[in-house]
Amino acid sequence: MTGETDTTTQLKCLEYTVVGLVQSPVYISYQRGATTVGNGKIADFMYVMPEDFAFERYTEIYVKTDASDRFTAFSDEYNAQIEQDTAAFENVADERCKDFDVNVIKKAKDDLQEAKDKYNDEKQNAETKLKDALTQIDDAKEEYDTQISDAQKKLDDAKSQLDSAKAKLKESKAEYYAGIESAENLIIEKEAELESGRKKYNSSKEEYDIKIADAQQKLDDGWSEYNSAYNDFKENKEPLILFGISQAQNAVDNLKLAISVESDPAVLAVLNTQLKQAQSVLDGLNAQYQSALEQLEGSKALLDENQRTFDAQKQEGQNQLDSALAQLNDGENKLAMAKTELETKRAEGLAALNSAQQQIDFAQIEYDNGIAEFTRQKADGKQKLDDAKTEYNEKKSEADEKFAEAEDKIEDAQSKIDELSSPEWYVFTRDDNPGFATFSQNAERLNAVASVFPMFFLLVAVLVCVTTMTRLIEEKRTEIGTFKALGYSNSSIIMKFVIYSLFAALIGGTIGVFLGIFTIPFIIYNAYKIMYYIGDITLVPDFVSIALGMAAAVVCTSAVSVIVCMRSLHHKPAAIMRPKAPKAGKRIILERIKPLWSHLSFNSKLTARNLLRYKSRLCMTVIGVAGCTALIVAAFGLLNSFDPLTKDQFETIYKYDAVAVPKKAGTAQQLEYLVSKVDNNKNVLNAMLCMQEECTVEYGQNIKDSDTYLAVMQYPENLDSIISLHTRQDKKALPLTDEGVLINEKLADEFNIKVGKTIKLSSDSGSAEVKVCGIFEQYLNNYIYMTPSLYKSLYDCDVEYNMLDVNLDDTSKSTEDSFGLSLLSDDRIVAVNFIASSIKDFENMLDSLNMVVMVMIICAAALAFVVLYNLTNINIAERVREIATFKVLGFYNKETSAFIYKENIILTILGIAAGLFLGVFLTGFIVQTVEVDNVMFGREIYFSSFVLAAGLTMLFSLLVNAVMSFKIRAVNMVESLKSVE
């Protein structure tokens, strides 16, 4: 125990030997709570024997009710039962307080009054006798005082001169220290200006680096496009054009040779006509070739020009930054010179002050010698008076001892009665324990997350099951036809696949259940053990969710089996035993766009036809990829939504660093002692009194009565120095005026309250209707801010402030501890809370939630890989004859794989685009679902989240392509193309 409290009033022994380390269910969190001693924080706790306490009575009683045996903690049934038990305990507390007043306090007061009356009678008789003896002594003392006064006057004159010299020295010291302080303040101001300049320089440099990087990226993109066009021309177009030129030149040469040897006019006329046509073709090809070369050269020249411009701009920006840095360095040199000059003046001033002090010390010695002589003379005269008083004192001492003994007994009795003032009983539940309360809130948030994400995972997983079963049954088409030809009934054939799908769903679901139960809960629980002292996890499977998931898998796979089998069994056995005829090729919409279609390569045309030919595969792939991408975006978006709870709330909105709580609320005049004590601390920048009380908000049929607070700030015009009230989207500052109140965004969204509407506020002060003048950004709890004038007009009473918000200059832990100790030394201040501890609590909470979100991201990424692998595998299996045909026609494995890869990549890109769009809405839905009553999550999804989601999905697509390339190479041309007739 630390601080100003006298621990001997609480403990009989102050030294202990540690015999063991324990964990208490009362302190499950690393944050133990607040106290009125020390720095205001509870660091550790200890258990000692009952006889070590100095209390006569127990101060706490822990009660275990049957609610903990009958209900699960934090359940609605448990909370309802605890509310009833709390009311019963409060009734018992009232009865015990009344009984204590009557049987203990009143009896002790009566006994004390009787003792006081007897003491007063005896004391009065003794004082009368002593008074007569004292009169004789006073007469002798009067004569002695007259003689002493003359000598005293001379000493007073000498002391007056000495005091005058000391006063002048004090003024000189004050002037010296004021000058030093002024110079130091000027240096501090210049250091602040220099630091501001340094920040501006760093900001300009960061902006310059970003612009240069963007320009460099655009230039690199231009060169990339040029190189791509150049390579395409050299590899594809130029060989074709040169080949055409060569063919045309050969035709011209052959025609010229034929003309030179032909003599028939008719034949010559035909040959000349052909020669003109061939020459025209040759000229056209040469012109096309020259045009392509000129276009490439023009692009390269433009890029070269852009490169030169970029280099010039980059050099100009660097020169400006170098100039600014030089100015900063010059400012630092000047500041160093000013500090040196200050130290010189400080030393000279101290030397002068020390010299003056030496002169005063010499005068003081002379004065002290005079005092000694006066004292000697005075002692001789006083000896006579002392002899006269000796007899008086002996008699008075004897009486005083008796009186003191009686007074001590009376004071002891009075002290005990004062300590026996009317007791106060408090009934606390688990909700009042900080550790249990935060653990409950974290459990609520985790439960909200767990109630949303599994549904979307299940939908994507069902899509995989449906696709797989459809493909499986299509592969068994011949087998189905054979069974039907052999006379098997449709129901027996269908049951074969239904039983297969049923067992697959049950086995896969069972494996998934066991993997999920024995892995994910342990990961999440161990993350929370970082924050709390809690035991090992006890698994309680949610059989309802397990049954629903298993049922969904069984129903979907079985239904698909029945539907696909029925569709096949609708045909005759001979038709069923034949492979399904491939889809007929059709003209696609791109073919109708002639300019575009004519410029597409053969591979691009083939890819476009295949994509639109297999529309079901296109839809399944896009939907599957979109679902997985949306899940990843939602997981990253949920991770992004946690940032405002610490960054915006405790850095932008809450500008104060500490809250001092007085023992008793009061007006600004009554709490002047608290404001003065804080203002006298050099580490305090700003401070403002605040009244905060719980309230109930009514709007229409809606009532909000939990985690909602009415706050009244002492100086609304200076509110921005303590709390920033602004809109969330455009960060527009909201003024606090007497026209109405400001409410937070979550409360406004929950009740659909708009600016200009009227709400009803009810609190201990009363009830009143008030206009909403603004909606501000707030992430923790619900707050309604109003001015003191508006509060007084609404409730007809003065504001009684119950806390002081303080903005500190230095927020290091040692400084905060020192600040807390200085305030808590005053008994009128009961608590000092620091924002830093709240930030740490929320960071610990969000770290645990981050682990949960990371598990979801990993699961969503794994699901994306499975979806892409499954769909790609089915795509290759369906087109094995097509792949074999490409190989027979002379395509290399790389070229054959390119057809499949290009389709997969295009479908993945389409799925990613759809998933990113869908992920925005999914994130919004999830964030609003997982929010609890007293917390609002952020609404912004960072651009990096979209990039990561798209990148992960594309990475999985490329990995799947790489894996599937081995399967494409393994396709046997002969076996695949064998007739199935």
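These legends go with close-up views of a predicted model. Local features are shown where pLDDT is at least 70 and side-chain atom pairs count at pLDDT 80 or more, while totals for chains, interfaces and linings use all residues. Residues are numbered from 1 along each chain as its sequence is written, and side-chain values use heavy atoms, leaving out hydrogens and water.

View 1. Find Leu-285 in helix α3, residues 265–419; helices (H or I, at least four residues) and strands (E, at least two) are DSSP runs, numbered from the N terminus. With a relative accessible area of 19%, Leu-285 counts as buried (buried is under 20% relative accessible area, exposed over 50%, partly exposed in between, using a 1.4 Å probe and protein chains only). Setting aside residues up to four places away in sequence, Leu-285 touches Ile-241, Gly-244, Ile-245 and Ala-248, where contact means heavy atoms within 4.5 Å. Gly-244 is 41 residues from Leu-285 in sequence, yet their C-alpha atoms are 7.1 Å apart.

**View 2. Inside the largest nonpolar core.** This core has 65 residues, and Met-713, Ile-723 and Tyr-785 touch the most other members. A nonpolar core is a set of buried Ala, Val, Leu, Ile, Met, Phe, Trp, Tyr and Cys residues joined through side-chain atoms within 4.5 Å. Helix α17 gives the largest share, 12 residues. Now zoom in on Tyr-785: beyond residues up to four places away in sequence, its contacts include Ala-711, Met-713, Ile-723 and Phe-776. There's also a second, separate core of 42 residues, with Val-675, Phe-751, Leu-824 and Val-832 among them.

**View 3. Aromatic rings side by side.** Searching the whole structure turns up nine aromatic pairs. Rings of Phe, Tyr and Trp (its six-membered ring) pair if their centres lie within 6.5 Å; planes under 30 degrees apart are stacked, over 60 edge-to-face, and the rest tilted. Tyr-783 and Tyr-785 are stacked, at 6.0 Å centre to centre with 20° between the planes, and both are buried. Ring pairs also tie Tyr-709, Phe-776, Tyr-783 and Tyr-785 into a cluster.

**View 4. An edge-to-face pair.** Here Phe-819 and Phe-834 sit edge-to-face, 6.4 Å centre to centre with 65° between the planes. Phe-819 belongs to helix α16 (residues 813–824) and Phe-834 to strand β11 (residues 829–834), so this pair links parts of the chain 15 residues apart. Phe-819 counts as buried because its relative accessibility is 3%, and Phe-834 is buried too, at 2%.
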